[in-house]
Amino acid sequence: MIEVAQLRKSFGELTAVDGVSFTAGRGEIFGLLGPNGAGKTTIISCISGLVTPSSGHVRVDGHDAVRDGPAARRVLGVVPQEISLYEDLSAVENLAYWGGAQGMRQPALGERMRTVLELTGLEDRTREPVKRFSGGMKRRLNFACGIIHEPKVLLLDEPTVGVDPQSRVRLLELVRAQARDGACVLYTTHYMEEAASLCDRLAIVDHGRIIAAGTLAELRAMLAERDLLRLSGSFQAEAAKAALAHIDGIEVLQADAELLILALPEASRRLPAIFAALAAAGSEVRGTTLTQPSLESLFIKLTGKELRE
Amino acid sequence: MRFLWISVRKDWSRVRRDPFSLASSLAIPLILAVMMSLVFGRGQAVPQGRLLVADEDDSLASNLLLGAFNRDPLGKMLVVEKVAQAGGRARINRGDGSALLIIPAGFQEAFLRNRPFQLQLFTNPAQRILPQIVQQSLSIMVDGAFYVEHVAGDQLRAFDTGHAPPDDLIASVSVSINHLAASLRRYLRPPAMDLETEVVADPGESKSFAATFLPSMIFMGLLFIANSMALDIWKERLMGTLRRLAVSPAPLGAFLAGRLIFVASVFALMALVGLAAARGLAGLPVASMPAAVMWLTFAGTALFLMVLVVALAAATARAANVMGNLIVFPLAMIGGCFFPFEWMPSWMARIGRLTPNGWAIIQFQAILSGEIDARKLAVAVAGLTAVSVVMFLVALRRLRSGFMI
């Protein structure tokens, strides 16, 4: 239902999206995982027709997003990153407006409004101005406005940013429900755990490129079941690298004067050997963090930096 | 088309929920209108000055002369205050007073004996109109006194005894003057010649305060509201609602047209209420209420589009605000919204009448006074509509070409 082929978007000198390709099908939740500024929102903007791609193709339910924009937009539901609501209007007034913008009419609109208000748990606050809502309630209404017309394709751009844990759980369950009902969901986030728990397939995005893609299991396999070991302290980077090179199976992902990040199997069993090698190389270890294989460790392995940087 | 009305309903709902933000735009014109009406009152503006009089004769003739200044219409314009000569000179030198009149001792005797006398008048150079009125009036009175002395000099000289005249003298002089008047009646009544007068009214000078000032205030309100509503497009952009709309199938043209209908309906309502209030409370003459309301609606909507195009051209909300104010305030100043054209130097008024709001005010004043016919009004409305269509298309193009990104 979503086909993105060699998508590229530049803003002057800056290339925000650089040759991105992926597909997502009906009933699937496809995640775009990456740090802020990686290009996720630009990809969503190109798919929704808000931004015209510099090159490449985007098709939504078979409609070209540029040449057949209105038809593509009719099957699209978008939940933007920002809370895009009229805060002086009530929940019902917002839903009526956005439903109207999608071409819905009464009585179907009224029926659907009742359904989404119930789904999002806002049925008791329907007439109140949105500005009196909590952040989580606004997020839920933001979501409700995106699904008011039962879209075939749903684009969610970091919909849980700044949301309390309770609302987050509720929102994620709503997203799963949309996929269960047959919608194709494209979900962007920079929260690893969210992506891991929600998405059927994932693409890791950095600097406008997809650096890895697949199911969660496929991505984890890329780490070869290795642990991630972070050592903080005082290091002579080159000497430390040379000392660690003698230990089997160690890969140095990052080495600088204060931090070493290593990928290796069975790290806990091999800690004494690592400490001894580093001490011999004139390094001083003050802190140690051991992480089991995860999306985060994969991201660090692929980019050499943490996701939240 | 359906979305157009959904947009209008949404905009009205927003105003209903937060009417203060729109009403606050009217604060400045309302405060100015109230202040000006307190200063000038409801009726025609009448200047008031102070005539200082040093009456060193203090005679019947000098009192008759001063009495003439106390009678209408001079009495409405001048307050006569008797002063000593030295004190009067000091005050007029300080600019305290419109003029100082010195009536010398011996004035009555000289007048009755038909001997030369000299009245001294010192005028305040800081004032232009009132000192001239005093000077002209005094000149007429002196001429009148000359003729009175020639016609009834003998009778009046009977009073020149140096004492208060007895009742029988007053009665006999009165009878004598009555006989004199009767003998002159055939020359005086009916007048020897017919004088036909035609008053050609100068609209700039004969208009009431309401007719002069309120149209300016009304247009100031229109400009400020237009600016406030145009800047709302930036609020929508910052709220993200414009972006959300752009990824829906709803046409942006319907959204903009809906906004325009909303704006026009706000102006129509404001015009109706404002004009009714101005007519009822301040006595604003309104020759045709429907035409006046229609004109304000069209003019306000066109001004809105003008400021909207500027707001859409700005790179940030702050820049839009600054640019809007940079356009609205000078336009209001020079275009007759802060001060009526009648109060401006003629060169400034000439420029001001060429501004969009200045031109619209002139048409509006003509509608209020009933000096514009239906054909001229239709031409003016057609012109406004044409300009509005062009600005609508410019605004739509800007909305479609990346304003939301």
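Predicted model: local features only at pLDDT ≥ 70, side-chain atom pairs only at ≥ 80, totals over all residues.
A residue counts as buried here if 20 or more other C-beta atoms lie within 10 Å of its own.

**View 1. Strand β14 of chain A, out in the open.** Strand β14(A) covers residues 284–291, and none of its eight residues passes the cut-off for burial, so the strand lies largely in the open. Its partner here is strand β11(A), residues 227–234, and the two run antiparallel, joined by seven bridges. For a landmark, look for A:Gly233, which sits opposite A:Val285 of β14(A).

View 2. Just past the end of the helix comes A:Gly49, with a positive phi of about 90°.

**View 3. Helices α3 and α5 of chain A, side by side.** The axes of α3(A) (residues 91–101) and α5(A) (residues 135–147) come within 9 Å and cross at roughly 30°. Angles under 35 degrees count as roughly parallel, and this pair therefore goes down as roughly parallel. The crossing of α3(A) past α5(A) is right-handed. On the α3(A) side, the contact uses A:Ala91, A:Asn94, A:Leu95 and A:Trp98, while α5(A) brings A:Leu141, A:Ala144 and A:Cys145. Sorted by class, that makes six nonpolar residues, one polar and no charged.

**View 4. Where chain B meets chain A.** Across this interface, 19 residues of chain B are in contact with 22 of chain A. On the chain B side, α1(B) (2–17) and α12(B) (241–246) each put in at least two residues. The largest share, six residues, belongs to α1(B). What is the make-up of this side of chain B by class? There are nine nonpolar, four polar and six charged residues.

View 5. Chain A has eleven helices and 14 strands. Of its 309 residues, 45% count as buried. Take the contacts in chain A between residues at least 6 apart in sequence: 68% of them link residues at least 24 apart.

Note on methods: Residues numbered from 1 in each chain as written. Chains lettered and ligands numbered in written order. Contact = placed C-beta atoms within 7 Å. Helix = DSSP H or I, 4+ residues; strand = E, 2+ residues; numbered from the N terminus. Nonpolar A, V, L, I, M, F, W, Y, C, P; charged D, E, K, R; others polar. Axes fitted to C-alpha atoms, helices over the stretch in contact; angles between N-to-C directions. Parallel < 35°, antiparallel > 145°, perpendicular 65-115°, else oblique. Left-handed = near helix turned anticlockwise from the far one by under 90°. Buried ≥ 20, exposed ≤ 12 C-beta atoms within 10 Å, placed from the backbone. Pairing = 2+ DSSP bridges.
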